[in-house]
Structures are given as C-alpha cells and as structure tokens.
Amino acid sequence: MTDSRIPGQDGSLPAASGETGLPDQNEQARIRQEKLRDLQSRGLDPFAEVTCQVTHRSRDILEGFDTLEGRDVAVAGRLMSRRGMGKVSFCDLQDAAGRIQLFTRIDELGPDAYAEWQRLDIGDLVSVHGTVFRTNRGEISIKTRSYVLLGKALRPLPEKFHGLRDTDTRYRQRYLDLIVNPEVRETFLRRSAILRSIRSYLDERGFLEVDTPILNPIPGGAAARPFVTRHNTLDMDLYLRIAPELYLKRLIVGGFDRVYEMGRLFRNEGMSVKHNPEFTALELYQAYTDYRGMMTLTEDLLAHVARTVLGGTQLTYEGTAISLEPPFVRMSMRDAVLSATGVDFDKVPDDAAARALARERGLDGIRPTLGRGEVMNLFFETWCEDRLVQPTFICDYPVEISPLTKRKPGRPDLVERFELFIYGREMANAYTELNDPLDQRARFQDQLRRREQGDEEASQLDEDFCLALEYGMPPTGGLGIGIDRLVMLLTDSSSIRDILLFPTMKPVR
C-alpha cells in the first residue's frame, strides 16, 4: 500500500488507523527512526535541500574502465548491500544504469566520517566522490574519498535472498519492485525503446504525430463502454476517449495525409491478463491507400521494432518460438471459421439460420437481433482465435461489426478490414476507411437502433464527424495497434500488469 505520510517534527511517522508507529512496525524501522532523529539533532538532516554533482553513472564506469581507471568520479544512488564491518567495507551502489561497488577505508575517510558511513542503512541515498580502480579480486570499483547522505530510508527493503515476489505487492508498490528486481527495470527500459522505435519509424515515413482530445462529448471510434465524467462549468457529461479515430480522420479531411497518435485510451470493461481499463494504443491514418497498404505497413513496422529492440525478428514468447519476419499469413474470417469448424457462412442463407446454427453449436447469449455476420464473428472468437499463434491477418469482416469501414466490392455484407493475431491475441486492427458520408450516416443510424435494443457498446451518432465527411475525405487506410500487448510480446511478459508501471488495482481496505 502506498504510504504518502511524512515524518513529524520529532522524526516519527504518524500512526495509521489502528496502529502505532510505522505500519508493519518492526525493529529495523524503529532503529532507522532513531538514527534519523540523531542526525537531525546534530544538524545533519538528510532531507534538507541538497544538490550534488554526478559525473558518471555506474554503467559508464563499468564499460569505460580502460579510460577511467585512476580518475576521479562522482556518483549518486541507493546503497543496496554491505560487506565488511572493520576498517574496510564494501557496498553496492545502485543508480538508474545499474550497480557498482564502493570500496571505503577508515584511513581514507577519517575515523568520524567512517563511523557515520558504517551507520548508514541499506536503502539510504548517497552521493560519493572517489577514484576508479580494480580490486585484487578484479572487480571494478570506486574508492570512496567523501560522501553525502542525501536521503534516509525509514523502511527496510525486502529481504535480499527472496526479494519482492508477491505480485500484488509488486504492482501496488512498483517503486519497491523497481529497486529490488533488476529484470523489472529492464522490462520498462525495453518498453521505452519500443515506443521510440515506433515513433522514429513513422516520423521517417512522413507521418505527423498529433494530439486529440481525451475528454470527448461523444464516445466514438470503437465499440466499448466508456467512463463518464462531469464538466461543472459547461454543465455537461463528458467521456474519457475509447479511441481517437474520429478526430484523426477529421485531420485527413483537413489535408494532413499521414497522421498518428500514441496515447492512453479508456474502456470501462472487464480486467484480465490482457486487459486494463486504461491502456496505450497507436492509431495512424494514411490517405490514398487501403487495408492492403496497412497490412504491408504493419508487417514492416513490427519487423522494424523487433530488429531495433531485440536485434532480430525471431523471438520466444511463453516458450513458443514466434517469427515477425514478413510476410505474415493472410486469411479471410470465412476461411478461418470454415477450417476450424467446417461451417461455411457463405452457404448460411440468412440471419435466422445463423442464429439456429449458433444454438446447435452450444453458443450462449444469442440475441434475436443477431445477424449472420455477427454469428460468424462469434464462431471465429470461440473456435479460431486461440489457434492463431504465428502472425496472421484475418481479413474481410462482417459489415454489422464494422460501422466505420468501407464495404468490400461485390460483397456488401463484408468490409475491407483486418485484425492481426499473434499467440491467439488481437494485436492490430485496420480498415479501408469509410469515406461515403451517406453510408456512414446510415451505419450510425443502425448502431443507434442496436443501442435501443440494449447493446451498450454500439456507436453513437457523431454529427460533426458526418459533417466533416460531407466536405470530402480521400480514400484512406487506418491502423490501430495495442502497444501494451506488443510490449508483452517483445518482453515475454504473461500479464499486462507486468508491463504497466502502475496498473489499475482494487484498493486495499
């Protein structure tokens, strides 16, 4: 549980409700508070405003030892271990780049400063000035000449041999997770590298990064239940965006022919190892192309990111070898369902026959208004998705579930849309965008009827977006990629909570 309380004037922490002293009070915490009070009584408050010089990080010294040996350096970070209690001691200092050993001697610091050094605790924050050298055992180290205590840790870190392993505690107290579990730090460094790689790829190809509103008067661009908030001055409800699509396509109308946004979306839905109520997504739109162009771009983008971050397109996820080398498999939804179930939806005559077929196959929740295309999609979700381990484009979706997508020529019941699946998970969704304003308005009207029939995720009518289309939008391809799922794949993480610094959690009571 996060503790935002601050020490009182006597150096003690206020008691939590029903407690005395520190929550999870123990002897180590009591001793640390006593040390803090002693320091403050002697005018050595470690929380006083202090600036310090930092000339190098740990990795700079370890990798550049040949040129830095014998030179003076200044480092800062957290003490993570201690060895030796006599006139010589060794400590590990951890900073943002890693760890380096500190070698400290009484005759270098002097008796008084060395005694204070020996009173420091694991977790304390210090700055150290010293000389780079290699010990007799061959370990690159810093010989401490002077130090400053920058912050006192009033709670002990998790015990070093077992570390912080409880997942609930790790997610709630991510700061501890980052301190004691180096592999977690590496996951989030890789996440940042993935985002940089995506941006550089798009920027180099003429895409313009833009920002669109997070507070929306109409929740549009996807089929999802939104979060609702209230704007007091305007006296109106607003919705946290479920997708930036309709705003980005307005920019295509306005003359920007390649735009993208990478940011947070919010959907008031269930939670799982693949779902968090707020998540990061990339959406991009390119004029004068279609969903086939988006397939090529998706393949190339994912391969580029893998080569940049992993050094190649071959990876292992949860023990399964996966290749991101283009081209990916391409298959229609109809063919995928036929292959998995033996049912050819091109031969199902109408909506009623499709619903009857779904009941025969044991599917639940078959509403009387469900159309043939929606039933085909249910078949696909139930019997096909889990089989799609290697990257596979599933193409040509039913028009009923794709209200913003252009119809497939010669097949008005289908649209030019694909979703990319890897390891049984949807990774990307793309369309040939619907730019016919009359067809778009009719689709919105159909979605409104679905809402009246109880479908809370059906789209609402966005009059301004329809107006924008009436001024003319060029043929356009659009693509959305779930960034969090991509990060899961490229970091071999089994849960979305492992790649979100602060996942949504139910409060502890």
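A salt bridge is taken here as a side-chain nitrogen of Lys or Arg lying within 4 Å of a carboxyl oxygen of Asp or Glu. The structure is a predicted model, in which local features need pLDDT of at least 70 and side-chain atom pairs count only at pLDDT 80 or more, whereas totals for chains, interfaces and linings use all residues. Residues are numbered from 1 along each chain as its sequence is written, and side-chain values use heavy atoms, with hydrogens and water left out.

By this criterion, the count comes to 45 salt bridges. One of them joins aspartate 446 to arginine 450, with the closest N and O atoms 3.0 Å apart. Both residues belong to helix H14 (residues 437-452), where they are four residues apart, about one turn of the helix; helices (H or I, at least four residues) and strands (E, at least two) are DSSP runs, numbered from the N terminus. Aspartate 446 is partly exposed at 26% relative accessibility, while arginine 450 is buried at 12%, where buried means under 20% relative accessible area, exposed over 50%, and partly exposed in between (1.4 Å probe, protein chains only).

Within helix H1 (residues 27-41), arginine 30 and glutamate 27 are three residues apart, separated by about one helical turn, and they form a salt bridge whose closest N and O atoms are 2.2 Å apart. Arginine 30 is partly exposed, with a relative accessible area of 31%, and glutamate 27 is likewise partly exposed, at 46%.

A further salt bridge, at 3.5 Å from N to O, connects lysine 408 with aspartate 396. Because lysine 408 lies in strand E16 (residues 407-408) and aspartate 396 in strand E15 (residues 392-398), the pair ties together parts that are twelve residues apart in sequence.
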